[in-house]
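Trainee: I am new to this structure. Please show me how to read its features, one at a time.

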Amino acid sequence: MQMIHRSVMPESDRRHALYAAIFDVDGVLLASPHEQAWRDALVGYANPDVFTTAVYQAEVAGKPRLDGASAALEAMGVADANSRAPAYAEAKQARLETLIEDGVVKAFPDALRFVQAVHDLGWPMAVASSSKNANAMMKPIRLESGLSLLDAFSVNVCGRDLEHGKPDPELFLLAASELHIAAVHCFVAEDAPAGIEAAKAGHMTGLGVARLGDADLLRAAHANLVVDSLDDVAMRDLAAGRLCRNSQ
C-alpha cells in the first residue's frame, strides 16, 4: 500500500520521494553482542582492553566476518593479521553464539516503535545485515502489534554471501532490488559510518543512528539525517516521502 500521493507533489520532489525502508540490524534495531564477542575473542591475539567501541565502529562494524577479523587484528597491530584472521573469526563466532544463548541480545525500544510506525504506513521494508546471526537474534523480538521483528520485513537479505562488504553498496542494492523499489526511493537506517557510505554509494538516503555519541562520524560519512533516537524522525514528513527531524 502506497501512502504518498505523488501526483500532487512537485516533479522535483517526486523524483526523490522516499517510500521504502532498509534497516541494518546491529546497533540500529538490536543492542547485539557483536562488539563484546570481537573483544572477548581477542584473548591470545592482543589486549582486549584496547579494542574500544571507537575501534569497533571505525574498523569492524558492518563488515563481513572475515573482513572484520582482519581489520580488527590489523587495528590491534597483530602480526600476520590476514593469516590469523580465520581462526580469530571462528573464535568470535563461538563467543557470539554463547552470548546469544545467554539471552544478552536486546532490542532498542525506539527501533521497535519506528519499525512499527513505518510498517503502519504500509511501506515495503527490508532488513539488511552482513551478519549471519541477525535472523536468530531478531526472531524472538516482538513489536507492539505482536508481530515478530523478523517477520515485519517483506525482504530479508541478512547474511547473504556477496562479493563486497560495506562500504560497497552491494548489500543495500540487493535489498532495493528485491523490494522492487528504485534505490533513490529508499532510505537506509545505519549506525556505522561504513553503512552510511554504502547507502550513499548506492544513491540512497542515509539515516544515521548515533547511539554511541558518534554523530560527527555519521555526518562525515554524509548521512542525510543523524538522530540519537529513531523517535526523533518526523513520521508526518516521512509519510510524505521526506526524511526530517521531529521538531517536537
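Trainee: Does Phe187 count as buried or exposed?

Mentor: Some ground rules come first. This is a predicted model, where local features need pLDDT of at least 70, side-chain atom pairs count only at pLDDT 80 or more, and totals for chains, interfaces and linings use all residues. Residues are numbered from 1 along each chain as its sequence is written, and side-chain values use heavy atoms, with hydrogens and water left out. Now the term: buried means under 20% relative accessible area, exposed over 50%, and partly exposed in between (1.4 Å probe, protein chains only). Phe187 has 0% relative accessibility, so it counts as buried.

Trainee: In which strand is the place of Phe187?

Mentor: Helices (H or I, at least four residues) and strands (E, at least two) are DSSP runs, numbered from the N terminus. Phe187 belongs to strand E6. Ala199 is 12 residues away from Phe187 in sequence, and their C-alpha atoms are 7.9 Å apart.

Trainee: In what order do the 6 strands form the open sheet?

Mentor: Two strands pair if DSSP finds at least two bridges between them. Here the order is E5-E4-E1-E6-E7-E8, with parallel pairing. Strand E5 (155–156) and strand E8 (225–227) are the edges, each pairing on one side only. E6 (residues 186–190) and E7 are joined in the parallel sense over 4 bridges. Glu190 stands opposite Gly208 in E7. E7 and E8 also pair in the parallel sense, over 3 bridges. Val209 faces Val227 in E8 across that pairing, standing opposite it.

Trainee: Which residues of E7 point one way, and which the other way?

Mentor: In a regular strand the side chains alternate between the two faces of the sheet. In E7, Thr205, Leu207 and Val209 point one way, Gly206 and Gly208 the other, and all are buried. With 5 of the 5 residues of E7 (residues 205–209) buried, the strand is largely enclosed by the rest of the structure.

Trainee: How many aromatic pairs are there?

Mentor: A pair of aromatic rings is described by the distance of the centres and the angle of the planes. Rings of Phe, Tyr and Trp (its six-membered ring) pair if their centres lie within 6.5 Å; planes under 30 degrees apart count as stacked, over 60 as edge-to-face and the rest as tilted. The count is 8 aromatic pairs. Take Tyr45 and Tyr88: their ring centres are 5.3 Å apart and their planes at 55°, so this pair is tilted. Tyr45 is in the loop between H2 and H3 and Tyr88 in helix H5, so the pair ties together parts 43 residues apart in sequence. Tyr88 has 0% relative accessibility and counts as buried. For Phe51 and Tyr56, the centres are 6.3 Å apart and the planes at 65°, so that pair is edge-to-face. Both Phe51 and Tyr56 are buried.

Trainee: Which residues do ring pairs link into a cluster?

Mentor: Phe23, Phe114, Trp123, Phe153 and Phe187 are linked that way.

Trainee: Over which ring does the charged end of Arg211 sit?

Mentor: A charge sits over a ring if NZ of Lys or CZ of Arg is within 6 Å of the ring centre and within 35 degrees of the ring normal. The charged end of Arg211 sits over the ring of Phe108, 3.8 Å from its centre.

Trainee: Where is Ile181 found?

Mentor: Ile181 is in the loop between helix H8 (170–179) and E6. Its relative accessible area is 15%, so Ile181 is buried. The C-alpha atoms of Ile181 and Ala21 are 9.8 Å apart, though the two residues are 160 residues apart along the chain.
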